[in-house]
Amino acid sequence: DLRHINTNSDSEVLLNVLANELQKQGKLIPTEIEIFEAVKQVHKRVKGAYAVIAMITGYGVLAFRDPFGIRPACFGKRETEKGTEYMVASESVALDAAGFEIVRDIEPGEAVYIQNSGELHTQQCAESPRLNPCIFEHVYFARPDSMIDDISVYKARLRMGTTLAKKVLALRPDHDIDVVIPIPDTSRTSAMEMANELGVKYREGFIKNRYIGRTFIMPGQSQRKKSVRQKLNPIGPEFQGKNVMLVDDSIVRGTTCNEIIQMARDAGAKRVYFASAAPAVRYPNVYGIDMPAANELIAHERTEDEIAQLIGADWLVYQDLEDLVDAVKECNPGIEQFDCSVFDGHYVTGDIDADYLDRLERSRNDASKTEDESILEGEEQLSLHNAD
């Protein structure tokens with residue numbers, strides 16, 4: 001399209017494709033007709049997951065969702081003295097906080113255009129849309145007070161805890177768990193319901209430092225390990241002499257689990273069991289989440305016993321994928337399929353092959369990130385030298 005790309009950001013690629021398709025409509029003042037036609041062409045050209053909110057300067061706000069609805073997006077409205085105002089967000093909690101009433105989720109492939117005048121236009125812009133939302137949103141990314149595709153994230157996580165407890169009781173009906181402790185924050189809801197179903201105490205055993213970011217996307221194993229210790233601090237009396245069941249939303253690299261289990265032992269736990277509210281993450285994510293290369297996932301080509309040994313747990317239990325899907329789907333039975341690719345390796349867009357995954361692995365593994373960091377550090381030093 002004769003457009004210069006300045007970064008490695010997929011958002012910049014989307015921006016340029018959309019701008020080019022809008023320019024090709026040939027209208028000095030675009031109407032909703034030209035804007036929706038541009039979105040149609042974006043859907044034809046761009047493959048993957050995206051939920052886009054764009055300002056068309058001087059005219060209005062445009063939002064659209066990929067034809068599979070992998071990433072969430074919704075819109076709401078509120079009445080003011082000046083008329084109706086609209087807002088678009090990836091999660092409903094943003095609308096709640098701003099005092100907007102939720103209208104609905106944006107449909108897969110649909111575009112929403114809000115003119116500066118306040119007039120709302122919507123149109124389906126994809127040829128064969130179907131809703132295949134990312135189930136990992138419910139496992140980890142979304143806030144529990146969100147509604148996504150008519151599904152309460154909180155209730156879905158409660159059910160994850162229920163099914164986890166049932167699996168524990170099926171595998172070990174005479175378990176010796178004294179206390180269930182969540183790894184804050186995402187696993188709290190599931191852990192609380194798991195403890196309730198098991199009939200054991202639920203306790204907050206870790207205090208979280210809120211100024212440390214997400215560890216699983218941090219580059220470098222040593223940095224992730226250091227960050228876990230800085231991020232969480234155990235409350236000793238909750239562990240001393242007890243058989244502890246730790247609950248996390250998922251296990252990605254296993255670095256966090258290993259460090260947390262050791263922290264529990266150092267705090268005096270007699271035995272440390274570990275439960276994941278999600279199934280084993282065995283495949284990389286290709287739909288916008290910087291999840292590592294396959295060979296950096298602890299569950300990749302390993303059994304549960306091998307994983308338990310690597311993270312140092314006395315026992316490890318994973319959620320079954322069928323139970324996870326049922327837990328999330330119960331609020332909206334109309335969803336026929338979720339994107340569960342990180343668990344089952346099935347990529348819903350149908351265009352992911354071994355060559356693509358190989359290229360992805362080379363670009364996302366720790367070695368490549370370390371190399372990129374070294375290059376950036378060298379450029380910074382050169383820049384400082386030139387400035388001097």
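Me: Which residues are linked with Asp 1 in a network of salt bridges?
Reply: The model is predicted: local features need pLDDT of at least 70, side-chain atom pairs count only at pLDDT 80 or more, and totals for chains, interfaces and linings use all residues. Residues are numbered from 1 along each chain as its sequence is written, and side-chain values use heavy atoms, with hydrogens and water left out. A salt bridge here is a side-chain nitrogen of Lys or Arg within 4 Å of a carboxyl oxygen of Asp or Glu. The network joins Asp 1 to Glu 21, Lys 24 and Arg 45.

Me: How many residues apart are Arg 45 and Asp 1?
Reply: The closest N and O atoms of this salt bridge are 3.0 Å apart. Arg 45 lies in helix α2 (residues 32-45) and Asp 1 in the segment before α1 (10-23); helices are DSSP runs of H or I, at least four residues, numbered from the N terminus. The pair links distant parts of the chain, and the separation is 44 residues.

Me: Is Glu 34 buried or exposed?
Reply: Glu 34 forms a salt bridge with Lys 27, with 3.0 Å between the closest N and O atoms. Buried means under 20% relative accessible area, exposed over 50%, and partly exposed in between (1.4 Å probe, protein chains only). Lys 27, at 47%, is partly exposed. Glu 34 has a relative accessible area of 9%, so the residue is buried.

Me: What is the distance between the closest N and O atoms of Arg 78 and Glu 85?
Reply: Arg 78 is partly exposed at 32% relative accessible area, and Glu 85 is partly exposed at 29%. The two form a salt bridge, and their closest N and O atoms are separated by 2.8 Å.

Technical notes: Helix = DSSP H or I, 4+ residues; strand = E, 2+ residues; numbered from the N terminus.
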